[in-house]
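Let's take a walk through this one, chain by chain. Have the model open as you read.

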Amino acid sequence: MSTLFLTACSDWQSALHAHGDNARKIFDLIWTFGAVAATTWLLTVLVLAMALFRSRPPEARSPLQIDPDQERRLNCAVGSATALTVVVLIALTTGSFFAGKSIASMSGSETVTVRVTGHQWWWEIRYPKIGSLQAIVTANELHVPVGESVKVKLDSLDVIHSFWVPSLAGKRDLIPGRPSELTLIADKPGVYRGQCAEFCGYQHAHMAITVVAESREAFDAWRSRQDANAVTPSGDEERRGQAAFLGTGCALCHAIRGTPASGTVGPDLTHVAGRRSLAADALAMTPGALAAWVADPQSVKPGAKMPRIALSADDLNAVITYLGSLE
Amino acid sequence: MSSIRQKNADRIEELKGVRDTGLDEARLVAFLAHAWQTPKGLYGWLATVDHKVIGRRYVVTAFLFLILAGLSALVMRFQLAAPEAGRISPDFYDQLFTMHGTTMMFLFAVPVMEAFAVYLVPLMIGTRNVAFPRLNAFSYWIYVSGGIMIWIAFAFNTGADAGWFSYVPLAGQFYGIGKRPDFWAQMVTYTEVSALAVAVEIIATVLKQRAPGMTLDRIPLYVWSVLITAFVILFAMPAVMVSSTMLILDRLVGTKFFDQAAGGDALLWQHLFWFFGHPEVYIIFIPATGFVSAILPTFVRRPVFGYLGIVLSLIAIGFLSFGLWVHHMFATGLPQLGESFFTASSMMIAIPSGIQVFCWIATIWGGRPIFATPLLFVLGFIFTFVIGGLTGVMVASVPIDLQVHDTYFVVAHFHYVLVGGAVFPLLGAVYYWFPKATGRMLSERLGHLNFWFVFLGFNLTFFPMHILGLQGMPRRVYTYPLESGWGSANLFISLSSLVLFVGFALFFLNMLLSFRNGLPAGDNPWGASTLEWATTSPPPSYNFPRLPVVTHREPLWAEPDTLAVIEGLRVDAREVLGGMVADAVPQLRLPSADNSIWPLLSATAVGGTFFASIYTPWAVVWGAIPISIGFICWFWPKGEPEDEE
């Protein structure tokens, strides 16, 4: 049975694959507590088995005839077991307290600040203005420089969500009206997946976030790419796509910087094609998936807030081509 | 003058009625049977206040809700067996898991524990009925109407869908879907009312109606456990009553308790809910430990080791259960000092729980185990509950909780605590007391089979969830991506849940078959030591022909042949004995309420008002009229002066 689960165990979104300071401290704590728990359980079951199957004198006595010597020994055993429990619990509580303190002490040294807002059912991500770079808005994909501590400011405008990227850090709730924050560090470059951990309605299951940890240079390069406005359509197909995007309902909810589209209900699409996935990681970013999503969002994420927009087949293709060009 | 005095004296003489003093057995039983009977036919069925009839009804109803909730879980497992399965819609899935949790917690676990208490407590302490018998009937009708209401709403696609703890704003006025959260909130109100009613009865019964000689240190441990539970209910339930009322006010009349935009606070809901919600777990668990302490001595043939230690542990658990609620809220970002306090208190509750486990193992060590089905369930309980307790220590740690909170690890943890810790002892209790309640034994062969299927099915279903949770699978997701790698473990879990299902099917089959064809039980088939085994199986409506006197903590072991009895009670009308709280010295004879249809009619009025208030706040105003009529008729004095003796 254990092999079944070990082989199934993937590096995908797991507290057991810690790649950040915060998560590693918790991982160590989980192992410590887990080992103590397993030992305690084994001992308990062992003593229980001995109690059940130990050999006993054959004579049958009245149930009220208690052997006082045995009673004294049992008293002693129960007393020692209780004392041991107290000691172990104090040790565990202290260990947990210091781990918590050292995680809390990570805050204060952040080099990057990013603001994450939870929506039903996607993540809005804002990088503030820094130096010559303007403030930008993106969605569902958080870029961080490796080895630097990142302050994630969290809030929600609808219901409660919870920001959780297990490989990097423990979770933190996003509660409307109660902004909070979390510090995370990624030790090595990679793509880490996270998922909303507080039930938030129909598509709670499809509300994932991707954290891309990359070198400082790569991060800066990404940040300046995001600073640019959306590319101007270069071909006929793209132009037709943009016209359809602006002319139908799309622009009411979505923004594309550099165009009149400035809706704020849905994700900002200025650089949508540069992202790895769409619809909060419900689909991979491929032209086919994009077409499926735009053509009928409700069959991909039933209950999602994005309505189905009636587009002709040609317009749909053009819109997909246009969106696909927005890297 | 003197003739009036004479008349009064005659009247008093007449009022004193027929006593059991010196009455021969046949006449005694005839009188009692007449005074305590439940009339035949529909009226009797509806008007009875016999704690055994009501208790049985409660148990059967609770098990029906268990079946509904269990089947919803099976449908969820069908959906989760494969990644992105698309077998049911997210909308339906949300309703299923909410109904599963809500039903298990509010309509099965708490009521079934109350049901056992209502049935057993008067028998175990040697009295004829609970205190406030009509309140008892009322509580059942309220409970069953709340349960039926929420399941009918579910049948009309209005099932609650915001989780069993219905967090706002998701369940609030802006995001709650249709009337779904209103049905949830009102169902909670129904069950609170019924739970509070039962708690009051139990407290009064245990404190005032114990058999003479049953001093505090002779109370059976099971009775101790339900007494402490009743106090926990009394202090915990008002918190959820307040919060569910605030929720429905927000939704119905536009108050802003939880609306942060208008100065309310979404977090307030969580504090109020968990201030009830955590004790709730102990409301389920403490009586279950009582089952263990009742079953164990019988099947290892010795009294429980460490009676005082266990009683003090139970009291400690009852107190500490109120200091843990914030450990459900570690991820909300409370100050670290506060979190540390709740970590420490959550760890601390492991101490009294541990002491109980140690005492039980010591009991087994000092005894001679007989491996009958009830004992198997107790052993299964220790085996699984210790796992749940230890993972409880893990989630009490703030950093660990921040990783595993709201994942399948927590799903595994609380199923180990609630199924391992409460349902296993409950099944053991059914095997143990079924003979008393029905006069027939459950089949031991089916019982062993039942145990192994449930035990293996449970562990195979829920143990892997620990690993899934650590691997990052959140709870309450209707599906998960293929790339997650969670598919094979989920398939395994879904298949294992079928084993668990077969286990429960065997349990119900055994009950159905044995109810008709089980071996006759006799008064005391297990050779147990407590008072309920001193009367016939099933017990007569008046429980005991003469009320027993207790001289020992294990009365039937200390006096195996004949039990001392007390005389002097009226037998031509319902009367019970009232005693001192601490040492159970008889103080007075208390009249006990007769059958009445008014509890049912009052419950109908109250239930109808709750139901209508989902649609209009005016229901509370107009509903007050039938409720008042019901209560006035219920409490109308019958013109019998109190017996002042």
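Helices here are DSSP runs of H or I with at least four residues, strands are runs of E with at least two, and both are numbered from the N terminus. With that in hand, chain B has 20 helices and two strands. Its radius of gyration is 25 Å, close to the 26 Å that the globule rule gives for 645 residues, so chain B is as compact as a globular protein of that length. (That radius is taken over C-alpha atoms, and the rule is 2.2 Å times the number of residues to the power 0.38.)

A word on ground rules: this is a predicted model, where local features need pLDDT of at least 70 and side-chain atom pairs count only at pLDDT 80 or more, while totals for chains, interfaces and linings use all residues. Residues are numbered from 1 along each chain as its sequence is written, chains are lettered from A and ligands numbered from 1 in the order written, and side-chain values use heavy atoms, with hydrogens and water left out.

Back to chain B. Buried residues make up 65% of its 645 residues, where buried means under 20% relative accessible area, exposed over 50% and partly exposed in between, with a 1.4 Å probe and protein chains only. The C-alpha atoms of chain B fill a box of roughly 95 × 60 × 50 Å along the principal axes.

Now for chain A, which has nine helices and 12 strands. A compact globule of 327 residues would have a radius of gyration near 20 Å, but chain A comes out at 28 Å. Its C-alpha box is roughly 100 × 45 × 40 Å, again along the principal axes. Buried residues make up 52% of chain A.

Zoom in on strand 4 of chain A, residues 141-145. Five of its five residues are buried, so the strand is largely enclosed by the rest of the structure. On one side sit A:Glu141, A:His143 and A:Pro145, on the other A:Leu142 and A:Val144, and all are buried. Five bridges join strand 4 to strand 10 (residues 208-214) of chain A, and the two run parallel; DSSP has to find at least two bridges for strands to pair. In strand 10, A:Val212 is the bridge partner of A:His143.

Last stop: A:Gly266, in the loop between helix 6 (250-253) and strand 11 (277-278) of chain A. It counts as buried because its relative accessibility is 11%. Leaving out residues up to four places away in sequence, A:Gly266 touches A:Trp122, A:Cys253 and A:His254, a contact being heavy atoms within 4.5 Å. The C-alpha atoms of A:Gly266 and A:Trp123 are separated by 9.7 Å, though the two residues are 143 apart along the chain.
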